[in-house]
Amino acid sequence: MGEGSTDTPQGVGHGGGRAVSHVPVLLKEAIDFLNVRRGGTYIDATVGLGGHSYEIARRLGAAGHLIGLDKDPEALKKAGLRLSAPGSRQSSEEDWPQVTLLHRSFAEVAKGQPPATIDVLLADIGVSSLQLDDAARGFSFQAEGPLDMRMDPHAERTAEQVVNHLDERQLADVIYEFGEERRSRRIARAICRSRPIRTTAQLADVISAAARPMNQAERRIHPATRTFQALRIFVNRELDDLQAMLRAAPQILKPGGRIVVISFHSLEDRIVKDVFREGSTQGLYGVLTKKPVTASQEESDRNPRARSAKLRAAERI
Ligand SMILES: C[S@@+](CC[C@H](N)C(=O)[O-])C[C@H]1O[C@@H](n2cnc3c(N)ncnc32)[C@H](O)[C@@H]1O
């Protein structure tokens, strides 16, 4: 995190950034900005466990169409059940929209989508509780698991490959750039000396031994938090995908259509802010959130993951 930044590195273990439940973050605020209209065509670019999607679907009605994307086939399976299971619906069978779920990165959100056909695009980016809580996926340093961290299990690059094959300098750059970790060089040196590293717990131990907390503020988070965040972002090309989605969105949004993005750390929020600002100068967007919308105290108390969430929204002109 940059100096003065208040958000918490997300998606790596217990504590501030952990996704503790399947409760969608900033749900009420998102629904307000989504302005769901019956019969509309909506894209949930990060369908996850279907929490936001479900709330969209029940407002769309039978003439509506919900398109859900996720990189993670496991998430799509779970979301599919949630978005179609009889009895989970508050609307009647006849009033349920068409639901299309696609195993796809949101970087390809415009693929096959005719121009100006989407009413709203929602993206609630980052890692899901499903991914975080499964030790076998290798996202968490709190549980021993293989160093994987891929949201899409078919993707080529795993965290193990990154940790064991990048040279020391490249590794330090990744940890610095995507984890905003000031002790990146020391950590990279320790990792290279301890190779091969095969598990999350082994990596967490190496980092903890190399990077003792420097001050009181550092003591509040586990020493491995920023490095795990950095590896996850790098492995999944998260910032590149976000840029690609934001660049593609204006082509597919209808005039008056909206884009709503919920992000969880300053690197992502900065990208969203800059692309919206640029879009506004180019006459593509009217920005609906001068400042990011954040969670209420009540939501943050209930769901610690919400503490670092920031929602930004813009309207296609
Ligand atoms: C925070 S969860 C979304 C939770 C969802 N809003 C809900 O209410 O259940 C983020 C999801 O986005 C997916 N994801 C992250 N990056 C992605 C990308 N580039 N393309 C598609 N899906 C992505 C993850 O696999 C994860 O399932």
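Select helix α7 first: the elements that cover its buried residues include α5 (159-165), α6 (168-179), α8 (200-210) and α10 (225-235). Covering here rests on contact, defined as heavy atoms within 4.5 Å. Helices (H or I, at least four residues) and strands (E, at least two) are DSSP runs, numbered from the N terminus. The model is predicted, so local features need pLDDT of at least 70 and side-chain atom pairs count only at pLDDT 80 or more, while totals for chains, interfaces and linings use all residues. Residues are numbered from 1 along each chain as its sequence is written, and side-chain values use heavy atoms, with hydrogens and water left out.

Within α7 (residues 184-194), colour Ser184, Ile187, Ala188, Ala190, Ile191 and Cys192, which are buried. Buried means under 20% relative accessible area, exposed over 50%, and partly exposed in between (1.4 Å probe, protein chains only).

Next, display α6 and α10. Their axes come within 8 Å and cross at roughly 95°; axes are lines fitted to C-alpha atoms, for helices over the stretch in contact, and angles run from 0 to 180 degrees between N-to-C directions. Helix α6 is therefore roughly perpendicular to α10, a term for angles of 65 to 115 degrees. To see the contact, select Val174, Ile175, Phe178 and Gly179 of α6 together with Arg226, Thr227, Gln229, Ala230, Ile233 and Phe234 of α10.

Now turn to the aromatic rings. Rings of Phe, Tyr and Trp (its six-membered ring) pair if their centres lie within 6.5 Å; planes under 30 degrees apart count as stacked, over 60 as edge-to-face and the rest as tilted. The count by this rule is four aromatic pairs. One of them joins Tyr54 and Trp96, a tilted pair with 5.8 Å from centre to centre and 50° between the planes. Because Tyr54 lies in helix α2 (residues 51-60) and Trp96 in the loop between α3 (73-84) and β3 (98-103), this pair ties together parts that are 42 residues apart in sequence. Tyr54 is buried at 7% relative accessibility, and Trp96 is buried at 8%.

A charge sits over a ring if NZ of Lys or CZ of Arg is within 6 Å of the ring centre and within 35 degrees of the ring normal. Arg305 lies likewise over the face of Phe264, at 3.9 Å from the ring centre.

Finally, select Pro153, in the loop between α4 (129-132) and α5. Pro153 is partly exposed, at 37% relative accessible area. Leaving aside neighbours within four places in sequence, Pro153 is in contact with Pro73 and Arg137.

Note on methods:
Parallel < 35°, antiparallel > 145°, perpendicular 65-115°, else oblique.
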